[in-house]
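This report goes through the side-chain contacts of one protein model. Please look at the sequence and the structure before reading on.

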Amino acid sequence: MKQWTEQAGYPMINVVKVNDEFIISQERCLMDTPDKIIDSSRWYVGITYTTESSKNFEDLTLATWCKPTMDNCILSAPQDPGWFIFNIQSAGFYRVNYDTDNWSLLIRQLKETPEKIHVLNRAQLIDDSFFLARADQLHYSFPLRISSYLKIEDDVLPWYSVIHGYSYLIERMRRNDTEYSDLRECVSNLAGIIYKKTEDKVVKENNTDHVILTSWNAFSVWACELNNEMCIQSVFDYYTKWQNGEKIPSDIRDAAFCVGVHITNKTSTWEQMLNLYKTTRSPSEKQSAQTAMACTEDDMLLSRYLNYIFEGEDGPIRKQDYNDVFTAVSSTPKGLEVLIDFLVQNLDRITKKLTDGNNTAIFIYSICASKAALDSEITKIKNLKDDPKTPENLRKEFNESYKQVDNNLYWFNKYHEIVNQNTGCSQGYTTTDEPQKTSTQKTQSTTEIIIETSTEPTIRETTLSERTDTSESIYTETSDTTWSERIDTTTHVYTDTTIGDPTKSTHTESTTEHSPGDTTSSEHKDTTTHIYPETESAETTVTKYTEHYFKQTLLVIPRGSRADEVKACIKASYLWPFIEQLSLNKNMRVYLGGDVTAGKLSELLLKIGNGDFPELTGKLVITKDLGLVVTTLQELIVQIYPDISDIKNKSMDSLCERAILTPKNNRAAVINEILLKSFKETDMEYKSIDMVLKSDDTVHYPVEFLNALNPPGFPAHRLVLKVGTPIMLLQNLHPPKLCNGCAQGESTFIPLLSLNYPLKFKRLQFPIKVSCAMTINKSQGQSLKIAEFT
């Protein structure tokens, strides 16, 4: 594990079939930049694979281990395997590159019958190929040819893989108007295909699957950003309905608001969105309005939007939304131009008037540097970093961010012609531009020639021709592009019934366990109802059952004041007058189990919650019936874990039925650390691998910073364990047995998991934490015989 926990980066394996053997080598994945480093890092890599002849995508048994001490790993290859795929279901944390023959065989399979390859590996092939091309490990014709098969892809997952790769190409190709327009047009048509498929599933087939609904949102934003005519027309109809007071599905709202602001391009429309942003209580609707205001082409309105940050708490834009506003404005060429001018003209004002002005300026500059493509844009940000009037500390940070400009120019000069010739938008590309094979590629094989033509390249493609024994290739295919994605983690359960009278429709929605008392989550449920009963009568009954225990979890508003918390309470919601409260009156666990003691404790806890328990000068009077009172933390530990130093010989059942409960995670961590030090066993240390989700952010978020982060629900970067230590799962591994919060005394294998934090980075670590002490929240559902509160 040392290589994985202490070594930066992750591996790429190169696989070549020579005669009856697979020859596997590995190297570190690195982008192709002017100052690309040579890195000899290697890892322990578990190898899985399947072939065209077997197509066994379910067996994840390791075929071998590639060790850091090996230059090459060699595996016996079956006779006539056809194509081969390594890293089955993308279960390993590494990328895979093949020789050109195997890539071509895989492309042929994808274009003929893609379902023969597991959907996770279809997504993997797209993601890996785009990365490898950007790293100069694979010719750009391959990812563009692979992605063209998506015209016949019905699963949404591979489409997500292609969006990020094409968004980078679209941004870079802005330096050439003709190539940029051609690429956008081709990708726009491709995006329209998946938009139409997902819209039909939602609207025509009434598909309420969560993945389909969120995909409809993501692909509508993507297609409309690319000015796909079908998407624009369809989405603008939704915007018109919203303008007329009709309710529209929340999953189309992002695209509808943006298209409405963009097409009308009126100050009145923009101000309507601003008013919605200021007044709505729905976080998702607020986010939609916030993004939509950046969709205008009016530079005066965009400048006005940015200048709101100087109004502080009296202004309409919340401080926590500043960075989101900058990012949204930079998402269009017009917005990027306005943002660069805003930074240049207001740098002194930003640094002096805003409380976190320096970091705000650095953030804006980093966005501009990563997206700048035109000479006019590059000149402005270069002059700003070189200006003697710019503070020295900012110039240092600006210079660091400006390296991204050099990297992007390097990429454009090296690849833009190749990309343009392989998107299907231009003709006459031959393999004379193709990079020479590296030493890892099969040198004896004959280059495969594929000639592909299509009379309607943006809609469908003719059947792939047979392999021929020539040395020239002509590619005329389409490709894909940019991305804007939002993830909705809401769970929807719907039951539509019509009883008796066919003119009446009843809609029942059941939701469970979202933040108790939170009006925003309740209203979000109200705005994300994706089933709209269509009846001839206007009489429709909508019943919503929401499970809440208001005393269980405190309401928390990030960075919010007490007024924000009161405003977010469900009693402040417009829904509250329509809510009928139903209470549970019988403790079924006590009733069925016959545990009288548990019943008494339950009654005492309810009295405390209801304010009926005896108080003395504002404090609760703890009686013997409620528990034993201790005065020190050490005494508390001794009461729960007597003679804990010899933990290896303690019974698992005994450890699992007791715990120290605290209100906060940091307090639980302190107690767990104290207990861990008292155990006699040897420390076992496991460090995570942390990395940013976007390679462009590597400069701004060093590994040391990521290691220091400890988000809720994430395992720690440095995980210290000892034999016999009670642990708790932080992720669902095998429900219902191995679930988040599970602390059972059983033997099981726990894998390393790659955990994505919603905003910035991902962490490769065992999804566990020590559970001698845990939060009261995490203890819900646990069966504890002995528990102490601190």
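## A patch on the surface

Which residues form a nonpolar patch on the surface? Tyr44, Leu62 and Trp65 do, and together they have about 300 Å² of accessible area. Patches are made of residues with over 30% relative accessible area and no salt bridge; like charges are joined within 9 Å, and nonpolar side chains (Val, Leu, Ile, Met, Phe, Trp, Tyr) within 5 Å. Accessible areas come from the Shrake-Rupley method with a 1.4 Å probe, and for residues only the protein chains shown count as cover.

The model is a predicted one, in which local features need pLDDT of at least 70, side-chain atom pairs count only at pLDDT 80 or more, and totals for chains, interfaces and linings use all residues. Residues are numbered from 1 along each chain as its sequence is written, and side-chain values use heavy atoms, with hydrogens and water left out.

Trp65 belongs to strand 5 (residues 64-66). Helices (H or I, at least four residues) and strands (E, at least two) are DSSP runs, numbered from the N terminus. With a relative accessibility of 44%, Trp65 is partly exposed. Buried means under 20% relative accessible area, exposed means over 50%, and partly exposed lies in between (1.4 Å probe, protein chains only).

## Aromatic pairs

How many aromatic pairs does the structure hold? There are 25 aromatic pairs. Rings of Phe, Tyr and Trp (its six-membered ring) pair if their centres lie within 6.5 Å; planes under 30 degrees apart count as stacked, over 60 as edge-to-face and the rest as tilted. Tyr140 is buried at a relative accessible area of 2%, and Tyr415 is buried at 4%.

Phe310 and Phe342 form a tilted pair, with 5.8 Å centre to centre and 35° between the planes. Phe310 is buried, with 6% relative accessible area, and Phe342 is buried, with 4%. Elsewhere, one aromatic cluster is formed by Phe22, Tyr49, Phe84, Phe86, Tyr98 and Trp103.

## Charges over rings

Where does the charged end of Arg95 sit? It lies over the ring of Phe131, 4.3 Å from the ring centre. A charge sits over a ring if NZ of Lys or CZ of Arg is within 6 Å of the ring centre and within 35 degrees of the ring normal. Arg134 has its charged end over the ring of Tyr168, 3.5 Å from the centre. Arg95 is also linked with Asp127 and Asp128 in a network of salt bridges.

## Salt bridges

A search of the whole structure finds 25 salt bridges. A salt bridge is a side-chain nitrogen of Lys or Arg within 4 Å of a carboxyl oxygen of Asp or Glu. Asp154 and Lys197 form one of them, at 3.1 Å from N to O. Asp154 lies in the loop between helix 4 and helix 5 (157-172) and Lys197 in helix 6 (residues 177-204), so this pair ties together parts that are 43 residues apart in sequence. Lys197 is partly exposed at 21% relative accessibility.

Asp341 and Lys380 meet in another salt bridge, at 2.8 Å from N to O. Asp341 is in helix 14 and Lys380 is in helix 16 (residues 375-386), 39 residues apart. Both ends are partly exposed: Asp341 has a relative accessible area of 22%, and Lys380 has 31%. The side chains of Glu685 and Arg718 also form a salt bridge, at 2.7 Å from N to O.

## A strand pair and a buried tryptophan

Ile689 and Met691 point one way from strand 16 (residues 689-692), Asp690 and Val692 point the other way, and all are buried. Strand 16 runs antiparallel to strand 20 (residues 761-765), and four bridges join them. Two strands pair if DSSP finds at least two bridges between them. Val692 has Phe761 as its bridge partner in strand 20.

Trp222 is located in helix 7 (residues 210-225) and is buried, with a relative accessible area of 0%. Trp222 and Ala191 are 31 residues apart in sequence, and their C-alpha atoms are 7.0 Å apart in space.
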